[in-house]
Amino acid sequence: MDTPDAAGAADGIRGTAQGAAPVPLSVLDLVTVGSGSTAGRALRTGVELARLAERRGYHRHWVAEHHSMPGVASSSPAVILAHLAAHTERIRLGSGGVMLPNHAPLVIAEQFGTLEALAPGRVDLGLGRAPGTDGATAAALRRTDTLGSSMAEARGEGADDFPQQLAELTRFLDDDFPDGHPYARIHAVPGPVQATAPGGVQSAARPPVWLLGSSGFSARLAGVLGLPFAFAHHFSARNTVPALDLYRDSFRPSAVLDAPYALIGVAALASDDAREARRQVMTGALSMLRLRTGRPGLIPTPEEAEAYDFAPTEREFVEGWLANIVHGTPDEVRAGLDELQKRTGADELMITANAHGGEARLRSYELIADAYGLPA
C-alpha cells in the first residue's frame with residue numbers, strides 16, 4: 001500500500017513511499033563506462049535505467065557532474081537530462097548535482113529553464129560547490145586568473161562565494177533582480193519573464209533548488225535558506241549523521257519548505273547471489289582506488305578486479321570503501337537500506353549502483369524494487 005508524505009508531492013520536492021519502502025526511493029546515475037564499452041553505450045543504459053525507474057515507482061532520477069574521469073560520462077548533466085526527458089513521461093529528473101562554481105549562474109538558469117520547458121513540473125536543480133574533479137581541471141573549467149588560485153578554491157581554501165553565486169542564480173530563476181541592480185534588465189530565457197511579457201502565457205514555475213554536500217557547509221546553508229538537502233553518504237558516510245543533524249538544527253521554514261527534507265545518496269547493489277554482488281561491487285571499489293591514487297580509468301571488469309594484486313594499504317582502502325556499500329541478495333540489501341534510513345532519519349534514499357556492466361546495474365534496481373514490492 002502506498003504511504004503518501006504528509007505534504008504530498010505537490011511542492012515538487014517531497015515524494016511518496018511506494019510498496020513497503022520506508023521512504024521514497026530514487027536513482028543516482030553516474031553514467032559509468034566499463035572497460036571494453038563506450039560512452040554511447042553507457043548513455044543508452046542511462047535511458048534504460050530511467051525508464052525502469054519510472055516503471056517501477058522510483059521517485060526521481062538524477063545525474064551528477066564529473067569531469068576528466070574516463071569511467072564517468074556525466075560531464076554535461078543538462079544535455080543528458082534533456083535526452084532522458086525525451087524518453088520518459090512522469091519521473092522527476094534532475095542534477096545531483098551541477099557544480100555551481102564551474103558555471104555562470106545565468107547559464108545554469110537558462111539550461112534548467114529549457115529543461116523545465118521540455119519537461120514541465122518534473123525537473124530538479126541540485127547544486128554543489130565542489131569542482132567535481134581535480135584542481136587542474138577545475139582551473140580549465142573556471143578560467144580563473146591563475147591555476148594556483150583555482151586549485152586552492154577546489155580544495156576549499158580562500159574566500160568561498162558559493163552563497164553569493166546561489167543568490168544570483170536564484171534571482172535569475174525567479175527573474176526578480178531589484179530595480180537598479182546591474183542585472184535587472186537581464187532575463188534567463190526560457191523563464192518567468194515570458195509569463196509576464198505582453199501576450200505571455202507560459203507558466204512562471206521553475207525547477208526547485210536543492211543543495212548538495214558531503215560536509216557541514218551546504219547542510220547549514222540549506223537549513224538557513226529552508227531548502228531541501230541531499231547528502232553524499234555514498235562517499236562520505238562518516239559525516240552523514242552530523243550533517244543531517246546540522247541541517248535539521250539550522251532549518252528555518254521558507255516559501256519552499258515548512259519542514260526539513262533530506263535525501264541521502266546510497267551506494268547499493270543487489271544480485272540473486274550474494275557472492276556475485278560482492279564480485280560486482282569490487283569493480284567500483286578498484287575504480288575508486290585508482291581514482292584516489294591518481295590513476296583514473298574505465299570501470300574494470302569483475303575478472304580484472306578478482307585478479308588485481310592489492311597491496312596491504314590498498315586492501316585496507318577497498319575494505320573500508322565496501323563497508324559503506326549495501327550489497328548482497330535483495331533481502332540483504334532491503335535490510336541494509338532499512339537500517340540506514342532508520343539510523344539517519346533520511347526522508348528519501350537515492351540509490352547509486354556502481355558496477356562494470358549495465359546489465360548488473362539494471363538488474364539490481366529491479367531486484368530492489370521487487371524486494372520492496374514496488375509497482376511492477
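Val 31 is buried, with a relative accessible area of 2% (buried means under 20%, exposed over 50% and partly exposed in between, using a 1.4 Å probe and protein chains only). Val 31 also has a positive phi of about 50 degrees despite not being a glycine, and sits in the loop between strand 1 (25–29) and helix 1 (helices are DSSP runs of H or I with at least four residues, strands are E runs of at least two, both numbered from the N terminus). This is a predicted model, where local features need pLDDT of at least 70, side-chain atom pairs count only at pLDDT 80 or more, and totals for chains, interfaces and linings use all residues. Residues are numbered from 1 along each chain as its sequence is written, and side-chain values use heavy atoms, with hydrogens and water left out.

- Most residues other than glycine have a negative phi, and most peptide bonds are trans.
- Asp 175 is a non-glycine residue with a positive phi of about 55 degrees, and belongs to the loop between helix 6 and helix 7.
- Asp 175 counts as partly exposed, at 24% relative accessibility.
- Pro 190 is in the loop between helix 6 and helix 7 (193–196), and the peptide bond from Val 189 to Pro 190 is cis, with omega near 0 degrees.
- Gly 96 and Gly 97 are joined by a cis peptide bond with omega of about 10 degrees, and Gly 97 is found in strand 3.

**Overall fold**

- The chain has 14 helices and nine strands.
- For 376 residues, a compact globule would have a radius of gyration near 21 Å, and the chain agrees with its 20 Å (taken over C-alpha atoms, the globule rule being 2.2 Å times the number of residues to the power 0.38).
- The C-alpha trace spans about 65 × 55 × 40 Å along its principal axes.
- Of the 376 residues in the chain, 52% are buried.
- Among contacts with a separation of 6 or more, 70% come from residues 24 or more positions apart (contact means heavy atoms within 4.5 Å).

**Helix 2**

- Pro 77, Ala 78, Ile 80, Leu 81, Leu 84 and Ala 85 are the buried residues of helix 2 (residues 77–87).
- Looking down the axis of helix 2, these buried residues fall within an arc of 155 degrees, so they line one face of the helix (the arc is that of the directions from the helix axis to the C-beta atoms).
- Val 79 and Ala 86 are exposed on the other side of helix 2.
- The cover over the buried residues of helix 2 includes helix 1 (39–56), strand 2 (60–63), strand 3 (92–99) and helix 3 (105–118).

**Second largest pocket**

- About 400 Å³ of space lies in the second largest pocket (on a 1 Å grid over the protein atoms alone, a pocket is an open set of points with protein on both sides within 12 Å along at least five of seven lines, and lining residues have an atom within 4 Å of a point).
- Of the 17 lining residues, Thr 170, Arg 206, Val 209, Leu 227 and Val 256 are the closest to the centre of the second largest pocket.
- Helix 6 gives the most to that lining, with six residues.

**Glu 366**

- Glu 366 is part of helix 14 (residues 358–371) and counts as buried at 18% relative accessibility.
- Leaving aside neighbours within four places in sequence, Glu 366 is in contact with Leu 52, Arg 55 and Arg 56.

Definitions and conventions:
On a 1 Å grid over the protein atoms alone, a cavity is a set of points where a 1.4 Å probe fits but cannot get out, and a pocket is an open set with protein on both sides within 12 Å along at least five of seven lines; lining residues have an atom within 4 Å of a point. Grid points are joined across faces, edges and corners, and a volume is the space filled by probe spheres set on the points.
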